[in-house]
Amino acid sequence: MCTSEKEATAALEARAVSKGYGAIKALSRVSFSVEKSTIFGLIGPDGGGKTTLIRAFVSLLTLDEGELYFQGRRVNKSADFVRSHVGYMPQRFSLYQDLSVEENLRFFGRLFGVERRDLEKRIQRLYEFSGLGSFTKRRAGALSGGMKQKLALSCMLVHAPEIIILDEPTFGVDPVSRNDFWAILTSLRDEGTTILVSTAYMDEAYLCDMVGLMFGGKLLAVDEPNRLKSYYEVPLYRAEGAKAHQIYRFLDESGLCDQCNLFGDGVHFTLKKAEDSKHIETLIQSTSYTVDNIVRIEPGIEDLFLLLMETKGSYT
Ligand SMILES: Nc1ncnc2c1ncn2[C@@H]1O[C@H](COP(=O)(O)OP(=O)(O)OP(=O)(O)O)[C@@H](O)[C@H]1O
């Protein structure tokens, strides 16, 4: 598909958007597009610019430069379209804590102007989706963190938006509820919804169709999650030992490594010269540091982040 066709079908698009807060560049010429019925994940550590980008998409802040589009319409000129076709779940979605699950859903249904008959059907459907059907009378304030997030998502879905935008919806949610939440997102995507979701949990990248890795206000890479590992052009190794920090220090100061990062009880590294892989273990053993094992590994998203932060993160 040529670029112009892609642009025409994109459900969301950012074109060279920038936003600064004084000296802080929260967004630096960020461009990407999200195809219809796909999940696009904005992945990155806190402060990377994810919230700023999301808030600009839902017209909660104005950009210094660049343009945002929903299905080819300029965001800031399409308030009606956004209201009826886009759902937004901020980091702190305001549920009514004293209202029950059902009352919250009805409240948001009325707020979005959903007709009574449609609302009943949608609420039943959302119960099936979310598993909240057994808790309809429970006060929102008495739900677990994971259930609260499912209720917030359901309230946002009550007007059946075609595009949904979620800012770190699984933050602080336990792993089981995170899985449930992503299962709901996947079902929505399969039914045709376009989803832009941000997260600081790197493992969630693999649940997206496309990811944008964000750091320092820049998109360091946009790709399918499984293609990101090909960014590593040289083998990546992991050295494990009881005192990983000592192995790290040794490797980092040895001058032999391009990349060298401490990951829990192991060190991930690449070598400047491929032939050094034959004797790196002996070299470490010859010091007073004990290395139990050195293995070649597939790079994970965290490794990629560190690589891209080093190679691209400081561009202006
Ligand atoms: N209103 C503001 N005033 C000043 N600086 C801001 C403002 N909003 C965001 N920033 C700064 O812009 C940068 C990007 O912040 P942003 O909230 O977009 O990142 P994030 O990736 O969403 O992280 P988080 O998960 O912490 O919100 C950060 O350095 C942040 O401190």
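The lining of the largest pocket consists of 14 nonpolar residues, three polar residues and one charged residue (Ala, Val, Leu, Ile, Met, Phe, Trp, Tyr, Cys and Pro count as nonpolar, Asp, Glu, Lys and Arg as charged, and the others, Gly among them, as polar). The structure is a predicted model, in which local features need pLDDT of at least 70 and side-chain atom pairs count only at pLDDT 80 or more, while totals for chains, interfaces and linings use all residues. Residues are numbered from 1 along each chain as its sequence is written, and side-chain values use heavy atoms, with hydrogens and water left out.

**Largest pocket**

- The largest pocket holds about 370 Å³ of space; a pocket is an open set of points on a 1 Å grid over the protein atoms alone, where a 1.4 Å probe fits, with protein on both sides within 12 Å along at least five of seven lines.
- The lining comprises 18 residues, of which Val86, Gly87, Tyr88, Phe93 and Phe112 are the closest to the pocket centre; a lining residue has an atom within 4 Å of a point.
- At least two lining residues come from each of helix H3 (79-85), strand S6 (86-89), helix H4 (101-111) and helix H6 (145-157); helices (H or I, at least four residues) and strands (E, at least two) are DSSP runs, numbered from the N terminus.

**Helix H6**

- Methionine 156 lies in helix H6 and is buried at 2% relative accessibility (buried means under 20% relative accessible area, exposed over 50%, partly exposed in between, with a 1.4 Å probe and protein chains only).
- Beyond residues up to four places away in sequence, methionine 156 touches Gly87, Tyr88, Met89, Phe93, Pro161, Ile164, Ile165 and Leu166, where contact means heavy atoms within 4.5 Å.
- From methionine 156 to asparagine 261, the C-alpha to C-alpha separation is 40 Å, and the two are 105 residues apart in sequence.
- Serine 154 also belongs to helix H6 and, at 3% relative accessibility, is buried.
- The side chain of serine 154 reaches the backbone oxygen of lysine 150 at 2.8 Å.
- Neighbours within four places in sequence aside, the contacts of serine 154 are Leu105, Leu126, Ser130 and Leu132.

**Helix H2**

- Helix H2 (residues 50-57) is largely enclosed by the rest of the structure, because six of its eight residues are buried.
- The buried residues of H2 are Lys50, Thr52, Leu53, Ile54, Ala56 and Phe57.

**Positive phi values**

- Arginine 29, although not a glycine, has a positive phi of about 45°; this residue is found in strand S2 (residues 24-35) and is exposed, at 60% relative accessibility.
- Glutamate 168, likewise not a glycine, has a positive phi near 45°.
- Glutamate 168 sits in the loop between strand S7 (163-167) and helix H7 (175-190), and its relative accessible area of 8% makes it buried.
- Serine 59, which follows H2, has a positive phi near 60°.

**Chain and annotation**

- The protein chain has 10 helices and 14 strands, and its C-alpha atoms fill a box of roughly 75 × 45 × 40 Å along the principal axes.
- Of the 316 residues in the protein chain, 48% are buried.
- Among contacts between residues at least 6 apart in sequence, 68% join residues at least 24 apart.
- An unreviewed UniProt entry places the feature "domain: ABC transporter" at residues 12-241; UniProt positions are given in the numbering used here, feature names are shortened, and annotations may be inferred rather than shown by experiment.
- Over residues 12-241 the chain is 30% helix and 29% strand, with the end C-alpha atoms 47 Å apart.

Note on methods. Points joined across faces, edges and corners; volume = space filled by probe spheres on them. Polar contact = N/O pair within 3.5 Å; in protein donor to acceptor, adjacent residues only side chain to side chain.
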